[in-house]
Amino acid sequence: MRPLRYSINITLDGCCDHRAGFADEELHRYTAEILGRADALLFGRVTYEMMEAAFRQPAGMDGPFARTIDAAKKYVVSSTLDRVDWNAELLRGDLGTAVQQLKREPGKGIYVGGVKLPLALAELGLIDEYEFLVHPRIAGHGPTLFAGLSKFVDLKLVGRQELASGAMALRYEPRR
């Protein structure tokens, strides 16, 4: 079974607005490497549209992260989109059933990003690894992660790496 991994950039005060962090070449290389541990990406509509606007080639940003995300197979969870392209496929029906089916397929793993979709996946207990790229910045505003989560998710630290910018990549697995 391939693992479902969640990765997101956050500030020290928990803000996960993509504009609050900072992205340098090292962060993009690091993120491209972690995406290389997966053979598919899972997005909600908002994250899919944001990533497509920023990274779809040939007009999007360039570099290892951009090339990795542009080439990746993508699954999009949306009740409002009629169709997707950019090497993507819509997931319909029950979220838990659809994601469990994706996890049962052979492969290296699936990465999920965003805010709302990971909340639903955490509620269902479907995330196998959480990675927080914590930026040394205090934003002073939201949004924050997992607002409204109905239960605790206890985690165990399984890896950490400091980047030259001072950002820390912290990897956790759920305690089961």
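**Close-up views of the predicted model**

**View A. Arg56 and Glu52 are joined by a salt bridge through their side chains, with an N-to-O distance of 2.5 Å.** A salt bridge is a side-chain nitrogen of Lys or Arg within 4 Å of a carboxyl oxygen of Asp or Glu. The model is predicted: local features need pLDDT of at least 70 and side-chain atom pairs count only at pLDDT 80 or more, whereas totals for chains, interfaces and linings use all residues. Residues are numbered from 1 along each chain as its sequence is written, and side-chain values use heavy atoms, with hydrogens and water left out. Arg56 has a relative accessibility of 29% and therefore counts as partly exposed. On this scale, buried means under 20% relative accessible area, exposed means over 50%, and partly exposed lies in between (1.4 Å probe, protein chains only). Across the whole structure, a search finds 12 salt bridges.

**View B. A salt bridge connects Glu129 with Arg37.** The closest N and O atoms of this pair are 2.9 Å apart. Distant parts of the chain are linked here: Glu129 belongs to strand S6 (residues 129–135), while Arg37 sits in the loop between helix H1 (25–35) and strand S2 (40–44), 92 residues apart. Helices (H or I, at least four residues) and strands (E, at least two) are DSSP runs, numbered from the N terminus. How accessible are the two partners, Glu129 and Arg37? Glu129 is buried, because its relative accessibility is 7%. Arg37, in turn, has a relative accessible area of 28%, so it is partly exposed.

**View C. Lys73 and Glu89 form a salt bridge.** Their closest N and O atoms lie 3.2 Å apart. The pair joins distant parts of the chain, with Lys73 in strand S3 (residues 73–77) and Glu89 in strand S4 (residues 88–91), 16 residues apart. Lys73 is partly exposed because its relative accessible area is 24%. Glu89 also counts as partly exposed, at 38% relative accessibility.

**View D. Leu121 is a buried residue of helix H5 (residues 116–123).** Its relative accessibility is 0%, so Leu121 counts as buried. Which residues touch Leu121, leaving aside its neighbours within four places in sequence? Leu121 is in contact with Leu4, Leu42, Leu95, Val99, Val112, Leu126 and Ile127. Contact means heavy atoms within 4.5 Å. Arg104 is 17 residues from Leu121 along the chain, and the two C-alpha atoms are separated by 16 Å.

**View E. Leu35 lies in helix H1 and is buried.** With a relative accessibility of 12%, Leu35 falls in the buried class. Beyond its neighbours within four places in sequence, Leu35 is in contact with Leu41, Phe65, Thr68 and Tyr111. Tyr75 is 40 residues away from Leu35 in sequence, and their C-alpha atoms are 14 Å apart in space.

View F. Most residues other than glycine have a negative phi, and most peptide bonds are trans. The peptide bond from Gly142 to Pro143 is cis, its omega being near 5°. Pro143 is placed in the loop between S6 and strand S7 (155–162). Phe146 lies in the loop between S6 and S7, and its phi is positive, near 60°, although Phe146 is a residue other than glycine. Phe146 is buried, because its relative accessibility is 19%. Trp86, in the loop between S3 and S4, has a positive phi of about 60° and is not a glycine. At 6% relative accessibility, Trp86 too counts as buried.

**View G. The protein chain contains five helices and eight strands.** From the N terminus on, these elements follow the order β-α-β-α-α-β-β-α-β-α-β-β-β. The radius of gyration is 15 Å, close to the 16 Å that the globule rule gives for 176 residues, so the chain is as compact as a globular protein of that length. This radius is taken over C-alpha atoms, and the globule rule is 2.2 Å times the number of residues to the power 0.38. Of the 176 residues, 45% count as buried. Among contacts between residues at least 6 apart in sequence, 72% join residues at least 24 apart.
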